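Q: I have this one open on my screen and would like to go through it piece by piece. Can we start with the backbone and then move on?

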Amino acid sequence: SCIRYRCGLTNTIQDVLNHRPGWVEVKDDAEWDFNWCDVGWLRENFDHSYMEEHVRICHFRNHYELTRKNLMVKNLKRYRKTLEREVGRLEAAKCDFFPRTFELPSEYHIFVEEFKKSPGNTWIMKPVARSQGKGIFLFRKLKDIIDWRKDGSRSEEQKDEAQVESYVAQRYIENPYLIAGRKFDLRVYVLVTSYIPLKAWLYRDGFARFSNTRFSLSSIDDQYVHLTNVAVQKTAPDYDPEKGCKWQMQQLRWYLTAKHGFETVQTLFKEIDNVFIRSLLSVQKTIINDKHCFELYGYDILLDQDLKPWLIEVNASPSLTASSQEDYDLKYRLLEDTLHIVDMEGRLTGKEKRIGGFDLMWNDGPVYTDVGLEALGSSCLVANTHLGCVNDREKQLQQLLKPFPGQKKT
Amino acid sequence: MMDESTELSVSITQIVQRLKGTHLHSQLEKQAKECLHKPEIKLETLKDDVRRVLKASGWERKLQNAVYRELHVLPPPGHPRAPPEHTKEPLAYMLKAQASWEKRILKSLNSMCTELGIPLARKRPVMEQKELTNKWNEMGTDEPDLSNFRPVYAPKDFLEVLIGLRNPNTERSDDLTVKSHWGLIQVSLNVHDIPQMRETYAELGLSYGQLGIDDHTHVPPDLFESEHIHIGKKVVSEQDSAAAQQYSRQGCPTGLRAQLWSLILNTTNDPEDITHYEQLKARVIHHNLLVDNLIYKDVKLTASNDDYYFVFEDYLYQVLLCFSRDTAVLEHFNYNSASPPKSSIQSKSGSEQCAVVYPPNGVIPFHGFSMYVAPLCFLYNEPSKLYSVFREMYIRYFFRLHSISSHPSGIVSLCLQFERLLQAHLPQLFYHLREIGAQPLRIAFKWIVRAFSGYLSTDQLLLLWDRILGYNSLEIVAVLATAVFAFRAENLMEVTSLASAEAVLADLSTLKVMPLLQIFLFATSI
């Protein structure tokens, strides 16, 4: 029997679904078994749809608890407080991976207090619900935003909006880790198939996005310097599409290892794992768990000069449009492996720790790699994540999966 | 012929001569003087005690490393009555060919200069100097109009020259027989075959562990990798140049490579090195050279377009512009068959013309030159350190890839070795490619000239360069070129044109270098 899918996007995911053996596209009001929808469709239709047990959809109903900047911050702060109360300061400090953030206008006054404590610092203002770098600006003086508040510098379209848009003001990281003088951020993919219990997978591939121009604090008006989203970079005057400005995660990890040594980089990547796990735990009880739902998040991480990772934001709909052949191949693999994990075909046992390029990072608790019988106790426990490591997924998949019904094993 | 002991004393004299007056020399003297204050130094046993202290404090090791480095760049001892040209290149016809090639390059450079009306060198006005100083860390943002500049030559031009090389002492037979050489290089040099190389490159053999093979994900690290890393750390802490070189034969761990290479090349980042670099930088600020435009153009055309190296664009300018002005590089012409080009400039009064070396370092960059530097940016990010390492690698190895000589690591020998290996071990393939007008060297030449930089993925390239340093020879580059053809032989047998042969070999980014080398050297039946 075939699997009927509905797809609201026209990019890489369309190709992946199209090529999957036994999957057939359905449109309009036809019944579906699998839906790759955009968040707009979800908002309008989720509550009215009845889904049978086997049906799968690619978003959680209230994913915005994690992906909207103001809500994420709220949830993280609350989780941190809980940890401090129930476990202690040290444990709570493990949540200190997001810069001081305040929601505006609701937290305006506490923000001003914090702002005054450290004059001269740079802050970044981000609209809560927009993406691709739109509406973001940097400031150093309260005067800059007081003007902004008075609608002085807002565009016409912003003034027309019926509701007051929420913003977050965040401490800008002034000492980003630079490679050859350029700032970059990391895009990492995390797949969550359940929140209660929390089951999350980390993809080995990802990339570092470089700013097209050299980093300097003296030019905070030049948004092209500071924002590394490819979407923003594309509009910069000296953008050269052929340059690509991306490094594969493997390249970055290898570069950092050459510079700082194996142990330092291993510690760094463990800390990055911590960012994912804690952020997901912070919304675990808030997100409406639903066995029909899974979600592929695009995490944006920034490293500072001390090699500390900072969480910039989480995307529920990471861009699946490809900027180059290499990028297309990465996203294709990623989506293919996502579908393997969702496992509409029922080929998995549920005990797997690795599927293609995904490693099981959290399964109601930390997940460790299989160690040999000669392991010497708990000090040898190694986390099961391999971000930026070799992704020999084809070989692994061949060994793991039974072929599709009707397909000969190659 | 000198006997061994005379040779040795000549070498010792030469090395002592070279080390005298160096910074290391003055540091050793200073250290020796300072340790006179130590209580354990006794007048009766002064010499031995001072030696002991210097050994314990690591200074003897530094001296050892310096001597070891000198041995690398010391030309082989020749006959006391041989002219200096002999040291550069013993074969007269090679020397002549190199000289005439140089004439051509210089002519090309001069005519570009006349055509464009740009002087070979020009002092920068003060405004321009200020601007450049401010922009020193981001010269890549400059977009000068380079459309009128062409590279002085490209590798394929150089290949034509090598193909035309003839030894006037050999009798040429135009009949193609089974015994004749099928390739493009028509001179005969002594190059190694597989049995000889199995001995030389013993550490690449099947019974030794290798980085690039035995650090693969499915191999447990206890089998080789952990121990190898452990030894690497010890080598670094001992600061032993010779040990590092031996160690590098089995590959350098990513986390230790920068230090190990620095040790092998004996490059330091002392205040005097930094000062030297700053002086070069000052020269760049003061004067603009015509070759600077060639460097810009080269970087923009090659490294900036590379997926891995685009990030390092600025570093490349910072290294190459300074390199052009470094007269210390002129020293390597003592053992290079090439000679620094001389250009005549008018003296200030305009009345005389005198010949000066141009560019100051005597090296005219060609298309792809910046690729010698680009991979090093992954290891070093301090400009002065990056510069020192690149310069040493150039004067030890890279210069041989673009000058005509009979040296075993010279480009002629490498090309010949590639062709001979291919003909001996893949005769069917070679014959087929010849027949369809796809001479293998025409495809492999660009890899060899660049020591594969820009063709392999960076991590694989550095594993290859580990072995160049480890064995102090570029021979491995020729072997790899052959191994690549061997690997893609099946596909190559199917092609029917040069273009399709090029297409089969266009993308080497997925190749794993060490397995290819190991299979070719140790699993080929002979």
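Q: Where is A:Pro197 placed?
A: This is a predicted model. A:Pro197 sits in a loop of chain A, the one between β10 (182-194) and β11 (199-214).

Q: Is the peptide bond from A:Ile196 to A:Pro197 cis or trans?
A: The bond leading from A:Ile196 into A:Pro197 is cis, and its omega is near -5°.

Q: What about A:Asp343, is its phi positive or negative?
A: Positive, at about 55°, although A:Asp343 is not a glycine. The residue is in the loop between α13 and β15 (354-355) of chain A.

Q: OK, sheets. What is the strand order in the parallel one in chain A?
A: The order is β2-β1-β3-β4, in an open sheet of four strands with parallel pairing. At its edges are β2 (23-25) and β4 (56-57) of chain A, each of which pairs on one side only.

Q: How many bridges hold β1 and β3 of chain A as a pair?
A: Three bridges, in the parallel sense, between β1 (residues 3-7) and β3 (residues 34-36) of chain A. Within this pair, A:Arg6 is opposite A:Asn35 of β3(A).

Q: Which strands does helix α1 of chain A touch?
A: Helix α1 (residues 12-19) of chain A packs on that sheet and touches β1, β2 and β3 of chain A. The direction of α1 makes about 170° with that of β1(A). Helix α13 (residues 325-342) of chain A packs on the sheet as well, where it touches β2, β3 and β4 of chain A. For α13 the angle is about 145°, taken with the direction of β3(A).

Q: Now the antiparallel sheet in chain A. What is the order there?
A: It reads β5-β8-β6-β7, again an open sheet of four strands, with antiparallel pairing.

Q: Why is one side of β5 and of β7 of chain A left without a neighbour in the sheet?
A: Because β5 (101-104) and β7 (137-139) of chain A stand at the edges, and each has a single partner strand. Neighbouring strands in this sheet are turned against each other by 25° on average, direction ignored.

Q: Which residue is the bridge partner of A:Met125?
A: A:Ala169, in β8(A). Strands β6 (residues 123-127) and β8 (residues 167-171) of chain A pair over five bridges in the antiparallel sense.

Q: What lies across β5, β6 and β8 of chain A?
A: Helix α4 (residues 69-86) of chain A does, running at about 130° to β5(A). Helix α6 (residues 108-117) of chain A also packs on this sheet, touching β5, β6, β7 and β8 of chain A. The direction of α6 makes about 140° with that of β5(A).

Q: Switching to the interface. How many residues does each chain give?
A: Chain B gives 27 residues to the contact and chain A gives 21. The buried area between the two chains is about 2,100 Å², with 56% of it from carbon and sulfur atoms.

Q: Which three residues of chain B supply more of its buried area than any other three?
A: B:Phe310, B:Val311 and B:Phe378, which supply 28% of what chain B buries against chain A.

Q: What is the class make-up on the chain B side?
A: The side of chain B that touches chain A has ten nonpolar, ten polar and seven charged residues.

Methods:
Residues are numbered from 1 along each chain as its sequence is written. Chains are lettered from A and ligands numbered from 1 in the order in which they are written. This is a predicted model: local features need pLDDT of at least 70, side-chain atom pairs count only at pLDDT 80 or more; totals for chains, interfaces and linings use all residues. Side-chain values use heavy atoms; hydrogens and water are left out. Contact means heavy atoms within 4.5 Å. Buried area is the accessible area (1.4 Å probe) that two parts lose on being put together, summed over both. Ala, Val, Leu, Ile, Met, Phe, Trp, Tyr, Cys and Pro count as nonpolar, Asp, Glu, Lys and Arg as charged, and the others, Gly among them, as polar. Two strands pair if DSSP finds at least two bridges between them. Helices (H or I, at least four residues) and strands (E, at least two) are DSSP runs, numbered from the N terminus. Axes are lines fitted to C-alpha atoms, for helices over the stretch in contact, and angles run from 0 to 180 degrees between N-to-C directions.
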